[in-house]
Amino acid sequence: MSVSPFDDPRLTAMGLIAEVHAGLAARMNPVFQAAGLSWIDFETLIRLSRSPEQRLRMTDLAAQTGLSTSGVTRVVDRLERETLVARMACPTDRRASYAVLTDAGRERLSDVLPRHLADIDDCYTTLLDDDERATFISALRKMRDVVRPGATAGAAAERECTTPA
């Protein structure tokens, strides 16, 4: 008995990835919304918080979030209006602009993180043992590096500009 192309285990794997992503979004979006954030707002803030000097070039932030340059500009514009992010021009390269996490942005993240981390524990950490988590993270990184090669852009880049006053 042969397997039909519709029963291909690759389709099952991709279906499971899509289902997990949709389930995580449904679970976590209300937490972000209660903090006045969208999923992309949270992703932007958390990426800035985990970056050197809590800032990224706008082009690197676009690459990390998977947004276009105009898309990341709109997100940063909105976050800047809420004083969660500030823009900083680079005095040594007039073409470069940075998005910088502000104190208000760190505070908003601090407000949402306890519930977000509890959701991560419920949906991931407590379900897998240490070896499974290590294997899973390794597999995710391999996949990410193929489908989103810019996802770590600027993470370890040298910083030429000074921190804003």
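A residue is called partly exposed when its relative accessible area lies between the limit for buried, under 20%, and the limit for exposed, over 50%. In this predicted model, Arg27 has a relative accessible area of 32% and therefore counts as partly exposed.

Arg27 takes part in a salt bridge with Asp122, in which the closest N and O atoms are 2.8 Å apart. Because Asp122 belongs to helix α5 and Arg27 to helix α1, the pair ties together parts that are 95 residues apart in sequence. Asp122, with a relative accessible area of 43%, is likewise partly exposed. In general, side chains of opposite charge can pair when their charged atoms come close. Across the whole structure, 16 salt bridges are found.

A further salt bridge joins Arg106 and Asp103, with 2.2 Å between the closest N and O atoms. Both residues lie in helix α5, and since they are three residues apart there, about one helical turn separates them. Arg106 is partly exposed at 28% relative accessible area, whereas Asp103, at 58%, counts as exposed. Shared partners also link salt bridges into a network made up of Arg27, Arg115, Asp119 and Asp122. Another pair is formed by Glu80 and Arg87, whose closest N and O atoms are 2.6 Å apart. Glu80 has a relative accessible area of 31% and is partly exposed; Arg87 is partly exposed too, with 28%.

The surface carries a nonpolar patch formed by Met14, Ile17, Phe136, Ile137, Leu140 and Met143, which together have about 530 Å² of accessible area. Helices α1 and α6 are the elements that give two or more residues to this patch. The largest share, four residues, comes from α6. Phe136, one of the patch residues, is found in helix α6 and is partly exposed, with a relative accessibility of 38%.

The largest pocket holds about 2100 Å³ of space. Its lining consists of 37 residues, and those nearest the pocket centre are Leu24, Trp39, Arg47, Leu140 and Arg144. At least two lining residues are supplied by each of α1 (9-34), α2 (39-49), α5 (103-123) and α6 (130-147). By residue class, the lining comprises 26 nonpolar, five polar and six charged residues.

Conventions: Residues numbered from 1 in each chain as written. Predicted model: local features only at pLDDT ≥ 70, side-chain atom pairs only at ≥ 80, totals over all residues. Heavy atoms only, no water. 1 Å grid on protein atoms, 1.4 Å probe; cavity = no way out; pocket = protein on both sides within 12 Å on 5 of 7 lines; lining within 4 Å. Points joined across faces, edges and corners; volume = space filled by probe spheres on them. Nonpolar A, V, L, I, M, F, W, Y, C, P; charged D, E, K, R; others polar. Patch = residues over 30% accessible without salt bridge, like charges linked within 9 Å, V, L, I, M, F, W, Y side chains within 5 Å. Areas by Shrake-Rupley, 256 points an atom, 1.4 Å probe, with all protein chains shown as cover. Salt bridge = Lys/Arg side-chain N within 4 Å of Asp/Glu carboxyl O. Buried < 20%, exposed > 50% of the residue type's maximum accessible area, 1.4 Å probe, protein only.
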